[in-house]
Amino acid sequence: MDRPQDKCGVVGISFGRKRSVAPFLYNALRALQHRGQESCGITVYDGKELTLHSGMGYVHEVLGKKELKDIEGSCGIGHTRYSTTGGSRARNVQPFVGSTDVGDLALGHNGDIVNACEIMQDRQARGWAFLTSSDTELILRLLANELVDNPEVPKAMAIVAKRLRGAYSLCLQVGESIYGIRDPLGIRPLHLGHIEDGYMFASESVAIDTLGGDPIRDVEPGEVVELRKGRLTSHRFAKSKGTAHCMFEWVYFARPDSIIEGSEVYKVRQKIGRILAREHPIEADVAFGVPDSGRAHALGYATEAGIEYDEGMMKNRYVGRTFILPSQRTRESDTLAKLNPIKSVVSGKKVVMVDDSIVRGTTMRRSVKMLRRAGAEEVHVRIGVPHIIAPCPFGIDMKTRDQFLARGRTDEEISKIIGADSVGYLSLPGLEEAIGLPLERLCCGCLTEEYALDIPEGHLSDNTIC
Ligand code: 5GP
Ligand code: MG
């Protein structure tokens, strides 16, 4: 069965006084749209009932209707989901809602539970029937089950957390209480902020900024924060033995204007570029990034190297993300439709093209070819992360090991395959320096094949469960 990938965005808001929360959830989700474009949804509690509005598509398509403004309720959660290929997609739209003894529960999840299959099989043997293949449903049902005996969420969460292995940043709604929960390793981000007379959680601080709120701090690994009628209480549901923050959030995934663990994403990317210029210098006429994700890295590179920075490549904003397309042919042709060089910038020049990462190499192969056709004399590729060689068990859509261009290849071989004159990757110590956290506190599993948790082999090889 196809399993959803959950590199998603979550939000939860609780106002103190009566105030329609739905438009706020909507705007927060729009600010988190880059974290997931497949589907989205919100739940709102009006004092009596919890209502769900969700569907497939972008936030403005699903939730942009006028009626949203009329939904009553001053607390709610929202979710935007990252795409995956095939399978029962509509059923996996979040938040998941379940009705229980303690009231209606709604859950939005960003992350990936690596032992979900094992727990599901165990529960199925006891007669549980699952409606979806999603590990979010699993968490919701484990929690609901625990809440029967332990009606307090932090206590129930402490018990559930003992079974769960993996990444989870959660927004949970139980009636008028909103909970923000972050796994004991803090793999995925979750930020806490002030908003008017209340509080909110969001995957990234940019969503708090967008609503005119003030980011306060990250939810701590192993912490559950409860918001109720605008008041905040914090509990610890698990001890955190070190952290494993996903380094890819800074490198690629998060928005540059977000702050994660005290480091602004934009600043980290620029620093990556600067370090890359020191590690892999080259004589060139112009440097530019592959838009949009490689631009900050390129600016850092050019500044440090003293090379002119320019826009060498344009991106068609109306073409969706090519990375997640199901077949290599569509990925190739869509990359062509998405990117186009600016001829006056590259023609007759020695260029440095910087991107955040190479996974399969589709983007780079295509881009180098385009630059040559546009008359570039030399094309030097610089990459703002070390070699990605292994799957991510915690949510990034990277599948089997043979898909990684850098796996088992030297830089010379990679350079030849993508058709470049040279290629240079950031080093691990360079990444550490740029993020400003020691490597032991980061998850670099896709670079080192060393994961912070035991990962069942089946979970790594094809990313499917059950
Ligand atoms: P490649 O084309 O080598 O397979 O993937 C690298 C390109 O896709 C880079 O331009 C990078 O910005 C982007 N990318 C890397 N990882 C991800 C991901 O997990 N999701 C999406 N949508 N894009 C990614
Ligand atoms: Mg990119």
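Biologist: In this predicted model, which ring does the charged end of Arg123 sit over?

Modeller: A charge counts as over a ring if CZ of Arg is within 6 Å of the ring centre and within 35 degrees of the ring normal. The charged end of Arg123 is placed 5.0 Å from the centre of such a ring. That ring belongs to Trp128.

Biologist: And which residue lies over the face of Phe130?

Modeller: Here again an arginine sits over an aromatic ring. The distance to the ring centre of Phe130 is 5.0 Å, and the residue is Arg141.

Biologist: How are the rings of Tyr82 and Phe253 arranged, stacked or edge-to-face?

Modeller: A search of the whole structure turns up five aromatic pairs. In the pair of Tyr82 and Phe253, the ring centres are 5.6 Å apart and the planes meet at 70 degrees. Planes over 60 degrees apart count as edge-to-face, so this pair is edge-to-face.

Biologist: How many residues apart are Tyr82 and Phe253?

Modeller: Tyr82 belongs to the loop between strand 4 (75-81) and strand 5 (96-100), while Phe253 is part of helix 7 (residues 248-253). The pair therefore links distant parts of the chain, 171 residues apart.

Biologist: Is Phe253 buried or exposed?

Modeller: The cut-off for buried is under 20% relative accessible area. Phe253 has 2%, so Phe253 is buried.

Biologist: Which residues do ring pairs link into a cluster with Phe253?

Modeller: Tyr252 and Phe253 also form an edge-to-face pair, 5.8 Å centre to centre with 65 degrees between the planes. Through ring pairs, Phe253 is joined in a cluster with Tyr82, Phe248 and Tyr252.

Biologist: Over to the ligand: which side chain has an N or O atom 2.7 Å from an oxygen atom of ligand 1?

Modeller: There are 16 residues around ligand 1, and those coming nearest are Tyr82, Asp355, Asp356, Gly361 and Thr363. Polar backbone atoms also approach oxygen atoms of the ligand: one of Arg360 at 2.8 Å and one of Thr362 at 3.4 Å. The side chain with an N or O atom at 2.7 Å is that of Asp355.

Biologist: How much of the accessible area of ligand 1 does the protein cover?

Modeller: On its own, ligand 1 has 510 Å² of accessible area. The part of this that the protein covers is 95%.

Biologist: Which elements give two or more residues to the shell around ligand 1?

Modeller: By class, that shell has seven nonpolar, five polar and four charged residues. The elements giving two or more residues to it are helix 7 and helix 12 (362-373).

Biologist: Now the backbone: what is omega for the cis peptide bond that joins Pro291 and Asp292?

Modeller: Most peptide bonds are trans. A cis bond joins Gln94 and Pro95, with omega about 0 degrees, and Pro95 is in the loop between strand 4 and strand 5. Asp292 is in the loop between strand 17 (286-289) and helix 9 (295-305). For its cis bond with Pro291, omega is about -10 degrees.

Biologist: Is Glu196 buried or partly exposed?

Modeller: Glu196 has a positive phi of about 50 degrees although it isn't a glycine, and it lies in the loop between strand 9 (191-195) and strand 10 (198-202). Its relative accessibility is 43%, so Glu196 counts as partly exposed.

Biologist: Where is Glu261, which also has a positive phi?

Modeller: Glu261 isn't a glycine either, and its phi is about 50 degrees. You'll find Glu261 in the loop between strand 15 (259-260) and strand 16 (263-264).

Definitions and conventions: Residues numbered from 1 in each chain as written. Chains lettered and ligands numbered in written order. Predicted model: local features only at pLDDT ≥ 70, side-chain atom pairs only at ≥ 80, totals over all residues. Heavy atoms only, no water. Phe/Tyr/Trp six-rings, centres within 6.5 Å; stacked < 30°, edge-to-face > 60°. Helix = DSSP H or I, 4+ residues; strand = E, 2+ residues; numbered from the N terminus. Buried < 20%, exposed > 50% of the residue type's maximum accessible area, 1.4 Å probe, protein only. Near = heavy atom within 4 Å. Polar contact = N/O pair within 3.5 Å; in protein donor to acceptor, adjacent residues only side chain to side chain. Areas by Shrake-Rupley, 256 points an atom, 1.4 Å probe, with all protein chains shown as cover. Nonpolar A, V, L, I, M, F, W, Y, C, P; charged D, E, K, R; others polar.
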